[in-house]
Amino acid sequence: MKKTDIGVIAFMYGICIWFAIMNARLPQDAQIYPRFIIIVLASLTTLYLVKNLIMAKKEGVTSGFAELFKGFLPRQFFPVLGIALGYLLALFFIGFYPATIIFMVCVLLKLKIKPVTVCITTAAILALVFVTFNLVLKVSLIRGLLFDMLL
């Protein structure tokens, strides 16, 4: 087990707690799917914790910081980080669907994914999100400031 794994586990539990708090603000009917995802995420994190505890008992605890940035690609990381920050701004201005299309295409192309795979992946994810949130859960996603101004 590495000390860096402890941070990852704590971070994942923090995400689960934050999502659970945010989920409590949703209408009761819309809480089912997010609650399921939170339970799955917390369960997987717990399995990872148990695995790491077993490894720590067998092999001990190592630092892990020397390996943390091994293979780090700044030319890949920083542009993707910039695209992600741009995505957050785009969500506010143009809404979820257009921002997500732009974000996914940019990131997947930056990661050198074949254009055909980019199109299929983007369409599949958007279809899954649309069916899940709009049709099943009947939750509207961010429309964006521009769309609100036009209506």
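Helix H5 comprises 15 residues and extends 21 Å from its first C-alpha to its last, close to the 21 Å expected at 1.5 Å a residue, the expected span being 1.5 Å times one less than the number of residues. Helices are DSSP runs (H or I, at least four residues) numbered from the N terminus. The model is predicted: local features need pLDDT of at least 70, side-chain atom pairs count only at pLDDT 80 or more, and totals for chains, interfaces and linings use all residues. Residues are numbered from 1 along each chain as its sequence is written, and side-chain values use heavy atoms, with hydrogens and water left out.

Phe96, Ala99, Thr100, Met104, Val107 and Leu108 are the buried residues of H5 (under 20% relative accessible area, with a 1.4 Å probe and protein chains only). Seen down the axis of H5, these residues fall within an arc of 140°, so they line one face of the helix; the arc is that of the directions from the helix axis to the C-beta atoms. They pack against helix H4 (74-94) and helix H6 (115-136). Ile102, also in H5, is partly exposed, with a relative accessible area of 47%, a class lying between buried and exposed (over 50%).

H5 and H6 pack at an angle of about 150°, with their axes 10 Å apart; axes are lines fitted to C-alpha atoms over the stretch in contact, and angles run from 0 to 180 degrees between N-to-C directions. H5 is therefore roughly antiparallel to H6 (an angle over 145 degrees). The contact (heavy atoms within 4.5 Å) involves residues of H5 including Tyr97 and Ile101, and residues of H6 including Val118 and Phe130.

How values were computed
Helices (H or I, at least four residues) and strands (E, at least two) are DSSP runs, numbered from the N terminus. Angles under 35 degrees count as roughly parallel, over 145 as roughly antiparallel, 65 to 115 as roughly perpendicular and the rest as oblique.
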